Amino acid sequence: MAESQNVVHIERQEKVAVITLNRPDAMNAINFGMLDALTEAIDSVRFDPEIRVLIITGAGEKAFCAGADLKERHEMPEIRVKAFLHTLRRLYSDIEALSKPVISAVNGFALGGGMEMALATDIRIASMNASMGLTETRLAVIPGGGGTQRLPRIIGKAKAKELIFTGRRVDAREALDVGLVNQICEPHLLMDEAMIMAQMICEAGPIAIEQAKYAIDAGLETDLGTGLGIESNAYRVTIPTQDRLEGISAFLEKRKPVYTGR
Ligand code: COA
């Protein structure tokens, strides 16, 4: 189908991949076609060793993603709703588990499943016109793409409960204040800011980044002692690497390191 081919764009800028949700007329809402296209795009990023950082954003100036496509949902039998949620949850877990950092460039509305996608990424940068919220309870359902689990882990239990129970949206400034986003900026600077951060990550050792992400994510789901053990093992992975030796050599030779991921 013509639409499913275009609902997600993926482009490469050196070591950074940019995935753009592309249904601007529907506020980049997620339908089955977009779910499939996104799954494919994430798989292609996962298996491309040249890509070191992924940025996800939305087409147009209004929305990152307004969540599930409510027009499609309106017609959907219950069994399809279940299939949609299953696929959505799996996709977001896949995004979260990518062994490379993922940055959301939130360029407007990020609601329901759209906000949950941003929550599954490692870092969120929002433009000043962002409006973010888990609005599902207002539709008499609950966040089904990981929102009840990821939001409290990011901003704390009480604030997450307030936002989920009320379904209230927060603007960029409040999102920054509560720790929902890492950074805010003027809309025209959003992709530049995301790219600057991505390029900075690309300067670091790829294996180190992979292991740091793993240690933080796996460690936070356990007690401190186990987490420190995870960190210790993750560090060990970096010790026999060529990149570790290159980092020290470059420092001593007063030059920029050239990391190869070996
Ligand atoms: N699914 C399908 N279409 C959607 C959509 C969604 N989640 N969100 C927006 N759209 C469509 C609108 O139906 C409209 O299409 P139309 O021109 O064919 O009527 C178009 O996008 C523009 O939206 P509109 O509501 O006119 O813009 P707005 O600026 O007044 O409001 C939102 C924008 C995002 C606040 C509003 O559309 C909204 O609340 N959307 C639903 C978000 C939501 O509850 N998501 C959670 C789903 S679990």
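This is a predicted model: local features need pLDDT of at least 70, side-chain atom pairs count only at pLDDT 80 or more; totals for chains, interfaces and linings use all residues.
Trainee: How far is Arg124 from Asp25, in sequence and in space?

Mentor: The two residues are 99 residues apart in sequence, and their C-alpha atoms are 23 Å apart.

Trainee: How do you know that the length of helix 4 agrees with its number of residues?

Mentor: Helix 4 covers residues 78-97, which is 20 residues.

Trainee: What makes the buried residues of helix 4 line one face?

Mentor: The buried residues are Val81, Phe84, Thr87, Leu88, Leu91, Tyr92 and Ile95. When helix 4 is viewed down its axis, these residues fall within an arc of 130°, and therefore they line one face of the helix. The general rule is that an α-helix has 3.6 residues a turn, so residues three or four places apart point the same way.

Trainee: Which residues of helix 4 are exposed on the other side?

Mentor: They are Glu78, Ile79, Lys82 and Ala97. The term exposed requires a relative accessible area over 50%.

Trainee: How do you know that the largest pocket lies between the two domains?

Mentor: Its lining includes residues from domain 1 (2-202) and also from domain 2 (206-253), so the pocket lies between them. The volume of this pocket is about 580 Å³. Of its 21 lining residues, Glu96, Thr121, Asp122, Ile216 and Asp217 lie nearest the centre. Helix 10 gives the most to this lining, namely six residues.

Trainee: What classes of residue make up the lining of the largest pocket?

Mentor: There are ten nonpolar, three polar and eight charged residues.

Trainee: What can be said of the second largest pocket?

Mentor: Its volume is about 450 Å³, and 23 residues line it. Nearest its centre lie Ala68, Arg73, Glu136, Leu139 and Val141. Helix 3 (70-74), helix 4 and helix 5 each give two or more residues to this lining. The largest share, four residues, comes from helix 4. By class, the lining of this pocket has 13 nonpolar, six polar and four charged residues.

Notes
Residues are numbered from 1 along each chain as its sequence is written. Side-chain values use heavy atoms; hydrogens and water are left out. The expected span of a helix is 1.5 Å times one less than its number of residues. Buried means under 20% relative accessible area, exposed over 50%, partly exposed in between (1.4 Å probe, protein chains only). The arc is that of the directions from the helix axis to the C-beta atoms. On a 1 Å grid over the protein atoms alone, a cavity is a set of points where a 1.4 Å probe fits but cannot get out, and a pocket is an open set with protein on both sides within 12 Å along at least five of seven lines; lining residues have an atom within 4 Å of a point. Grid points are joined across faces, edges and corners, and a volume is the space filled by probe spheres set on the points. Ala, Val, Leu, Ile, Met, Phe, Trp, Tyr, Cys and Pro count as nonpolar, Asp, Glu, Lys and Arg as charged, and the others, Gly among them, as polar. Domain bounds come from an automatic or database domain assignment.
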